[in-house]
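Biologist: I would like to learn how to read a model feature by feature. Please give me the general idea each time, and then the case at hand.

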Amino acid sequence: MNDVIDGKPSTNFWIIGGVALFWNLLGLFLYYQNVTTTAADLQQAPPEMQDLVLNIPKWATSAYAIAVTTGVLGSALLLMRKSWAVVMFTVSLIGIIVQDIDAFLLRNAYAIIGPMWSGVSLVVFVVAVLLLLYSRKARASGWLD
């Protein structure tokens, strides 16, 4: 299918941009849930899970905030056809990597949350890479100003 009609992006561009915005807004909502979680919210969880959730270092929480905020901005800028989307998706990916370094390398979250939630983290990473690559393609195709 042709990605360009009369020099403008096709319907696929708008669908991808809309799905990206929804995806990143969902991430922003999950971030809000994460930072507002209290010990009382986790009283039924095993102690290791409580410790994992309640003792996230500030720098990792900051990386999470940066990742989701720049992901939302990147998606909005993509829909506005602005080349800054590439920068925002790059920063978002870096934030995800920093956050995952904390969770999986420094605090061994895999041992606590298991393969399913670790798989979610992998999907988040892959989607971020794909959005960065797509925004770069859109810029190279002249779809972004």
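This is a predicted model: local features need pLDDT of at least 70, side-chain atom pairs count only at pLDDT 80 or more; totals for chains, interfaces and linings use all residues.

Biologist: Is Trp14 buried or partly exposed?

Modeller: Trp14 is partly exposed, because its relative accessible area is 36%.

Biologist: How should I read a pair of aromatic rings?

Modeller: Two values describe such a pair, namely the distance of the centres and the angle of the planes. In this structure there are five aromatic pairs. For Phe13 and Trp14 the ring centres are 4.9 Å apart and the planes stand at 90°, so this pair is edge-to-face.

Biologist: Which residues are linked into a cluster by ring pairs?

Modeller: The cluster consists of Phe13, Trp14, Tyr134 and Trp143.

Biologist: Why is the pair of Phe13 and Trp14 called edge-to-face?

Modeller: The label follows from the angle, because planes over 60 degrees apart count as edge-to-face and these planes are at 90°. Tyr31 and Tyr64 can be read in this way too: their ring centres are 5.1 Å apart and their planes are at 85°, so the pair is edge-to-face.

Biologist: Which helices hold Tyr31 and Tyr64?

Modeller: Tyr31 belongs to helix α1 and Tyr64 to helix α3, so their pair ties together parts that are 33 residues apart in sequence. Tyr31 is buried, as its relative accessible area is 19%. Tyr64 is buried at 16% relative accessibility.

Biologist: Now the chain as a whole. How many helices and strands does it have?

Modeller: The chain has five helices and two strands. Along the sequence they follow the pattern β-β-α-α-α-α-α. The C-alpha atoms fill a box of roughly 60 × 25 × 25 Å along the principal axes. Of the 145 residues in the chain, 32% are buried.

Biologist: What share of the contacts with a separation of 6 or more comes from residues 24 or more positions apart?

Modeller: That share is 72%. Val86, in helix α4, gives a case in detail. This residue touches Leu132, Ser135, Arg136, Arg139 and Leu144, leaving aside residues up to four places away in sequence. Val86 and Lys137 are 51 residues apart in sequence, and their C-alpha atoms are 9.5 Å apart in space. Val86 is buried, with a relative accessible area of 6%.

Biologist: What does the side chain of Ser92 reach?

Modeller: The side chain of Ser92 reaches the backbone oxygen of Ala67, at 2.7 Å. Ser92 is in helix α4 and is buried, with a relative accessible area of 4%. Leaving aside residues up to four places away in sequence, Ser92 touches Ala67, Thr70 and Gly71.

Biologist: And how do I read a backbone angle?

Modeller: Most residues other than glycine have a negative phi, and most peptide bonds are trans. Arg81 has a positive phi, near 60°. This residue lies in the loop between α3 and α4.

Biologist: My last topic is empty space. How is it found?

Modeller: Rolling a probe the size of a water molecule over the atoms shows where empty space is left. Here the largest pocket holds about 1,200 Å³ of space. The elements that each give two or more residues to its lining are α1 (11–35), α2 (47–54), α3 (58–79), α4 (84–106) and α5 (109–140).

Biologist: Which element gives the largest share of the lining?

Modeller: That element is α5, with nine residues. The lining has 37 residues, and those nearest the centre of the pocket are Asn34, Tyr64, Gln99, Trp117 and Ser121. By class, 24 lining residues are nonpolar, ten are polar and three are charged.

Note on methods
Residues are numbered from 1 along each chain as its sequence is written. Side-chain values use heavy atoms; hydrogens and water are left out. On a 1 Å grid over the protein atoms alone, a cavity is a set of points where a 1.4 Å probe fits but cannot get out, and a pocket is an open set with protein on both sides within 12 Å along at least five of seven lines; lining residues have an atom within 4 Å of a point. Grid points are joined across faces, edges and corners, and a volume is the space filled by probe spheres set on the points. Helices (H or I, at least four residues) and strands (E, at least two) are DSSP runs, numbered from the N terminus. Ala, Val, Leu, Ile, Met, Phe, Trp, Tyr, Cys and Pro count as nonpolar, Asp, Glu, Lys and Arg as charged, and the others, Gly among them, as polar. Buried means under 20% relative accessible area, exposed over 50%, partly exposed in between (1.4 Å probe, protein chains only). A polar contact is a pair of N or O atoms within 3.5 Å; within protein, one must be able to donate a hydrogen and the other to accept it, and residues adjacent in sequence count only if both atoms are side-chain atoms. Contact means heavy atoms within 4.5 Å. Rings of Phe, Tyr and Trp (its six-membered ring) pair if their centres lie within 6.5 Å; planes under 30 degrees apart count as stacked, over 60 as edge-to-face and the rest as tilted.
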